[in-house]
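Welcome to this short tour. Please open the structure in your viewer and keep the selection tool ready.

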Amino acid sequence: MSNLNILINLSSSIFEIPVSDIDIESSQDNIKGWDSLATIKLITELEKEFSIQFDIMEIVELTSIDRVVDILKNKDIDFNDS
């Protein structure tokens, strides 16, 4: 499974919406369930899944799937197969 698919599946579970409703353009602006608590859950799951840690400056930027991908790429997580 590609890392993008992993991210989308985690997001689907956390935001409690179908996988088909999430794509690279999904964000806090267009996902009703993407609130502060969901962001904390997303951070926790991403840190476990990819064996990474986010710093506070990265956390405040986790506002869209596209931005999450960018931050994960900066942590050497591969999205070339996406």
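Which residues form a nonpolar patch on the surface? Select Ile56, Met57 and Val60: together they make up that patch, with about 340 Å² of accessible area. Patches here are built from residues with over 30% relative accessible area and no salt bridge, with like charges joined within 9 Å and nonpolar side chains (Val, Leu, Ile, Met, Phe, Trp, Tyr) within 5 Å. The areas come from the Shrake-Rupley method with a 1.4 Å probe, and for residues only the protein chains shown count as cover.

Before moving on, note that this is a predicted model, in which local features need pLDDT of at least 70, side-chain atom pairs count only at pLDDT 80 or more, and totals for chains, interfaces and linings use all residues. Residues are numbered from 1 along each chain as its sequence is written, and side-chain values use heavy atoms, leaving out hydrogens and water.

**Stop 1: Met57.** Met57 sits in helix α3 (residues 56-59). Helices (H or I, at least four residues) and strands (E, at least two) are DSSP runs, numbered from the N terminus. With a relative accessible area of 57%, Met57 is exposed. The scale is this: buried means under 20% relative accessible area, exposed means over 50%, and partly exposed is in between (1.4 Å probe, protein chains only).

Stop 2: In soluble globular proteins, nonpolar side chains tend to be buried together. Now select Leu7, Phe15, Leu42, Leu46, Phe54 and Leu72, which touch the most other members of the 25-residue largest nonpolar core. Two or more residues of this core come from each of α1 (3-15), α2 (36-50) and α4 (65-74), and α1 gives the most, with 7 residues. A nonpolar core is a set of buried Ala, Val, Leu, Ile, Met, Phe, Trp, Tyr and Cys residues joined through side-chain atoms within 4.5 Å.

Click on Leu42 next. What is Leu42 in contact with, leaving aside its neighbours within four places in sequence? The partners are Leu7, Ser11, Ile14, Phe15, Trp34 and Val68, where contact means heavy atoms within 4.5 Å.

**Stop 3: two rings.** Show Phe15 and Trp34. Their ring centres are 4.6 Å apart and their planes are at 25°, so the pair is stacked. Rings of Phe, Tyr and Trp (its six-membered ring) pair if their centres lie within 6.5 Å; planes under 30 degrees apart count as stacked, over 60 as edge-to-face and the rest as tilted. Because Phe15 lies in helix α1 and Trp34 in the loop between α1 and α2, the pair ties together parts that are 19 residues apart in sequence. Phe15 is buried at 4% relative accessibility, and Trp34 is buried with a relative accessible area of 4%.

**Stop 4: charged pairs.** How many salt bridges are there? The count comes to 4, a salt bridge being a side-chain nitrogen of Lys or Arg within 4 Å of a carboxyl oxygen of Asp or Glu.

- Select Lys48 and Glu45, whose side chains meet in a salt bridge (3.2 Å, N to O). Both lie in helix α2, 3 residues apart, about one turn of the helix. Lys48 is exposed at 56%, while Glu45 is partly exposed at 28%.
- Select Lys75 and Glu58, a salt bridge with its closest N and O atoms 3.2 Å apart. The pair links distant parts of the chain, with Lys75 in the segment after α4 and Glu58 in helix α3, 17 residues apart.
- Finish with Arg67 and Glu61, a salt bridge with its closest N and O atoms 2.2 Å apart.
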